[in-house]
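This briefing is written for a reader who has the sequence and the model at hand. Please keep both in view while working through the points below.

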Number of protein chains: 2
Amino acid sequence: MTDFAAPLSPDASNPLLRLNNQLCFPLYAASRMLTKAYQPLLQELGLTYPQYLVLLLLWEHSELTVKELGEHLLLDSGTLTPLLKRMEQRQWLSRRRAPHDERSVIIGLQPAGEALRGPACRIPEQLLTRLDMPTEEFVALRNQLNHLLTRLQ
Amino acid sequence: MTDFAAPLSPDASNPLLRLNNQLCFPLYAASRMLTKAYQPLLQELGLTYPQYLVLLLLWEHSELTVKELGEHLLLDSGTLTPLLKRMEQRQWLSRRRAPHDERSVIIGLQPAGEALRGPACRIPEQLLTRLDMPTEEFVALRNQLNHLLTRLQ
DNA sequence: TACATATTAATTGTGCACAATTAAAACTTG
DNA sequence: CAAGTTTTAATTGTGCACAATTAATATGTA
């Protein structure tokens, strides 16, 4: 437990300046390390982690606009457009303009993307095993992160 | 609370496939959103978040090899080398080979980097205010993330 | 209807992030 | 000491991530 009552000074002894006393660094590092733990499983399917997230949404909804994908994933079109174009090239999904609103681009699940659902569906379990984390701890951490996420929006 | 005893099926109703029931997505999204919350504060100093992390370490140690920086930040030379070269150009730090081991590159804090310590030292407090999070919740989340981090290494 | 405003993707440019490879230097061991 | 192994950064190539800008379309309003 860190001393939060300590005086805040610019010198090196300020505990708030230590990486692991902050919230952001453990968050940043854990996110990268956990994504890296997905890597060997995703690689078998030729997927990156953000591409896997797009497929998770398409398996649930089968059609979504870029805007809707961005709202779910908290990513903007500058990230999604090139990513979705790469996925289109692999024929995992299709991109077409909405007939009623030419500004919107509708992303649709294609058979090759549907075909990844079976193998990919085992990934969450495999990661839970890999984490070897008590369920209570997993659920508590996840809930706190979702809570933080709502605070940050 | 999610039903962890549910049968694991590849269909869309599998709760493990929903983004917010997983650990990785909230982690990934919260990390990006929190880094984004740093952005306006860091921008005043011309820093990016990973560059700020490098400075936090240099304010504490004043000299570190690339390897040591990488160990603290969990980043490899492919990420650090170009980042450190950009910081060298700004004269925040220096890069030189270790005399006794020519393979190692020693990163040293320069006066311009030292000068950022004063203003940057207020950033953690400002973010705590911005988060408006109960201290217990902050500490609990931070500790769980540090714990997860040790699990992942 | 015309005009201003808002919405939506795409584009552009910069900066990570990381896997894989390369190359140099240091160490180990026969 | 020489040959092989290990360590350390750098390099290369791909893929995000996001700020800022652009352009097309849609909407609201006088």
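In this predicted model, Leu53(A), Val54(A), Leu57(A) and His61(A) of helix α2(A) meet Leu69(A), His72(A) and Leu73(A) of helix α3(A). By class, this contact of α2(A) with α3(A) consists of five nonpolar, two polar and no charged residues.

**Packing of the two helices**

- Two packed helices are described by the angle between their axes and by the distance between the axes.
- Helix α2 of chain A spans residues 49-61 and helix α3 of chain A spans residues 66-73; their axes come within 11 Å and cross at roughly 115 degrees.
- The crossing of α2(A) and α3(A) is right-handed.

**Relation of the two chains**

- Chain A is superposed on chain B by a rotation of 180 degrees, with 0.0 Å of shift along the axis and an RMSD of 0.0 Å.
- This is the relation of a two-fold axis.
- Of the interface residues of chain A, 100% are also interface residues in chain B, so the copies meet through the same surface.

**DNA strand C**

- DNA strand C is surrounded by 28 residues, of which the closest are Tyr28(A), Lys85(A), Arg95(A), Arg103(A) and Thr48(B).
- Among the atoms of DNA strand C that come within 4 Å of the protein, 78% belong to sugar and phosphate.
- Phosphate oxygens of DNA strand C lie 2.3 Å from a polar side-chain atom of Tyr28(A) and 3.0 Å from a polar side-chain atom of Arg32(A).
- A base oxygen of DNA strand C lies 2.7 Å from a polar side-chain atom of Arg103(A).
- The elements that give two or more residues to the surface near DNA strand C are α1 (24-45), α3, α4 and β2 (93-97) of chain A, together with α2 (49-61) and α4 of chain B.
- The residues of this surface near DNA strand C comprise six nonpolar, ten polar and twelve charged.

**DNA strand D**

- Around DNA strand D there are 28 residues, and the closest are Thr48(A), Tyr28(B), Lys85(B), Arg95(B) and Arg103(B).
- Sugar and phosphate make up 76% of the atoms of DNA strand D that come within 4 Å of the protein.
- A polar backbone atom of His100(A) is 3.3 Å from a phosphate oxygen of DNA strand D.
- Base oxygens of DNA strand D are approached by side chains from both chains: an N or O atom of Arg103(A) is 3.3 Å away, and a polar atom of Arg103(B) is 2.7 Å away.
- The surface near DNA strand D divides into six nonpolar, ten polar and twelve charged residues.

Technical notes. Residues numbered from 1 in each chain as written. Chains lettered and ligands numbered in written order. Predicted model: local features only at pLDDT ≥ 70, side-chain atom pairs only at ≥ 80, totals over all residues. Heavy atoms only, no water. Least-squares fit on C-alpha atoms with pLDDT ≥ 70 in both. Contact = heavy atoms within 4.5 Å. Axes fitted to C-alpha atoms, helices over the stretch in contact; angles between N-to-C directions. Helix = DSSP H or I, 4+ residues; strand = E, 2+ residues; numbered from the N terminus. Left-handed = near helix turned anticlockwise from the far one by under 90°. Nonpolar A, V, L, I, M, F, W, Y, C, P; charged D, E, K, R; others polar. Near = heavy atom within 4 Å. Polar contact = N/O pair within 3.5 Å; in protein donor to acceptor, adjacent residues only side chain to side chain.
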